[in-house]
Amino acid sequence: MVLFHDARVIVGLCSGTHIVVLLRIGLFTPPKRQGLILKISILDDYFDTIRTLPCFEKLAGHDVTIWNDHVQDTDALAERLRDTEALVLIRERTAIRTPLLERLPKLKLISQRSVYPHIDLDTCSKLGVILSSSQHPEKPSFATAELTWALLMAALRQLPQQMVSLKAGRWQCGVGTELRGKTLGIYGYGRIGAVVAGYGRAFGMQVLVWGSEKSLARARADGVAVAQSKAAFFEQCDVVSLHLRLNEATRGMVTAADLARMRPSAVLVNTGRAQLVEHGALVAALKAGRPGMAAVDVYEEEPILDANHPLLTLDNVVCTPHIGYVTREGLQGQFSDIFDQIAAYAGGAPINVINAQVLDSPQLRR
């Protein structure tokens with residue numbers, strides 16, 4: 001158990017699997033605040049980072065439990081969360097489905113940020129549970145954009161392979177490729193896509209965009225070139241970087257036929273969502289040599305704990321374990337919004353409510 005006494009910390013372990021943070025009146029005198037004192041659970045904080053962020057102070061006065069491991073089993077989660085009133089999620093690390101929601105009678109609020117395909121929203125509304133999820137419309141994830149560029153550089157300069165070769169007592173193991181003069185394809189010119197496009201220009205690349213009409217219009221307004229067609233986009237680009245939000249319209253939007261149009265020297269970068277690519281198409285395309293390389297941070301099922309996962313067995317892929325948003329700065333911004341949502345709920349005025357109809361529903365849990 002971890003007891004926070006203002007700036008001092010007393011540390012202990014509970015079963016070696018989770019840490020409990022108790023910020024209760026009686027353990028210490030928290031700042032004066034108005035509203036409910038909530039039992040809050042935070043899932044999947046793998047490296048016990050959340051309590052070290054400045055924004056964690058926003059939860060002072062609440063009863064907070066932080067779990068550092070990952071569990072998806074419904075029975076185990078129902079036991080862990082049986083007394084939880086406010087549930088904090090770190091992106092889509094844990095799916096919150098109907099069988100679990102129906103076993104959490106005290107749950108009133110789910111607070112997270114960004115998209116929510118991992119949550120059964122209709123069930124939340126039926127049960128009277130509020131989902132607050134800031135869409136942060138003006139805040140690009142610079143962490144994700146930076147990792148996109150790091151993966152691209154790593155793939156084209158064969159950094160993982162060169163490091164393995166050096167550590168094995170060998171010298172160089174191959175010849176890399178420069179970015180200058182190449183064409184960078186941005187599929188989805190939104191907040192992150194626009195940032196990555198800026199990186200490309202800084203490296204002397206030509207930028208070409210494809211996506212929705214809204215995306216294309218924004219690119220044109222910024223003076224960025226737009227492809228004549230989706231087929232031309234995949235054919236012309238040396239690099240294709242995916243920056244689409246996952247929804248029913250974008251699921252599987254990148255098809256096997258699209259990948260087959262890419263050059264043998266091209267690289268596909270995906271720091272968005274794995275499901276943007278047709279199921280099984282990327283592995284098959286890489287084995288066929290079009291594109292010649294890929295750099296991915298996202299997978300259809302996460303976490304990946306099997307070293308024999310198809311992508312991990314290919315030499316022409318650079319893989320990272322979904323760390324695009326995992327920086328201290330990124331988490332600070334994310335959880336500042338998440339904790340503001342909890343404070344607003346506790347104060348009686350929920351914000352960023354996705355299922356707003358539940359606020360006037362007789363099923364609303366109070």
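A salt bridge is a side-chain nitrogen of Lys or Arg within 4 Å of a carboxyl oxygen of Asp or Glu. This is a predicted model, in which local features need pLDDT of at least 70 and side-chain atom pairs count only at pLDDT 80 or more, while totals for chains, interfaces and linings use all residues. Residues are numbered from 1 along each chain as its sequence is written, and side-chain values use heavy atoms, with hydrogens and water left out.

**Salt bridges**

Select Lys230, Glu235, Asp258 and Arg261 to begin: a network of salt bridges links these residues. The structure holds 16 salt bridges.

Next, display aspartate 337 and arginine 113, whose closest N and O atoms are 2.9 Å apart in a salt bridge. Because aspartate 337 belongs to helix α11 (residues 328-346) and arginine 113 to strand β7 (residues 109-113), the pair ties together parts 224 residues apart in sequence. Helices (H or I, at least four residues) and strands (E, at least two) are DSSP runs, numbered from the N terminus. Both aspartate 337 and arginine 113 are buried; here buried means under 20% relative accessible area, exposed over 50%, and partly exposed in between, with a 1.4 Å probe and protein chains only.

Move to glutamate 92 and arginine 273, which form a salt bridge at 2.7 Å, N to O. This pair links distant parts of the chain, 181 residues apart: glutamate 92 is in the loop between β6 (86-88) and α2 (98-101), and arginine 273 in the loop between β13 (267-270) and α10 (281-288). Glutamate 92 is partly exposed at 22% relative accessible area, whereas arginine 273 is buried at 13%.

Then select arginine 51 and aspartate 48, joined by a salt bridge with 2.6 Å between the closest N and O atoms. Arginine 51 is partly exposed, at 22% relative accessibility, and aspartate 48 is buried, at 13%.

**Helix α7**

Which residues of helix α7 (residues 213-221) are buried? They are Ser215, Leu216 and Ala219. Viewed down the axis of α7, these buried residues fall within an arc of 95° and therefore line one face of the helix; the arc is that of the directions from the helix axis to the C-beta atoms. They pack against β10 (206-210) and β11 (225-226). On the other side of α7, Glu213, Lys214, Arg220 and Ala221 are exposed. Just after the helix, glycine 223 takes a positive phi of about 75°.

**Nonpolar cores**

A nonpolar core is a set of buried Ala, Val, Leu, Ile, Met, Phe, Trp, Tyr and Cys residues joined through side-chain atoms within 4.5 Å. In the largest core, of 57 residues, Phe233, Leu259 and Leu282 touch the most other members. Helix α4 (residues 142-156) gives the most to this core, with eight residues. Centre the view on phenylalanine 233: leaving aside residues up to four places away in sequence, its contacts (heavy atoms within 4.5 Å) include Gly185, Tyr187, Leu208 and Trp210. A second, separate core of 26 residues includes Cys55, Val353, Val358 and Leu364.

**Cysteines**

Finally, select the cysteines. With a disulfide defined as a pair of cysteine sulfur atoms within 2.5 Å, the count is zero. Cysteine 55 is buried, at 2% relative accessible area. Cysteine 319 is partly exposed, at 25%, and its sulfur is 17 Å from the closest cysteine sulfur, in cysteine 173, too far for a bond.
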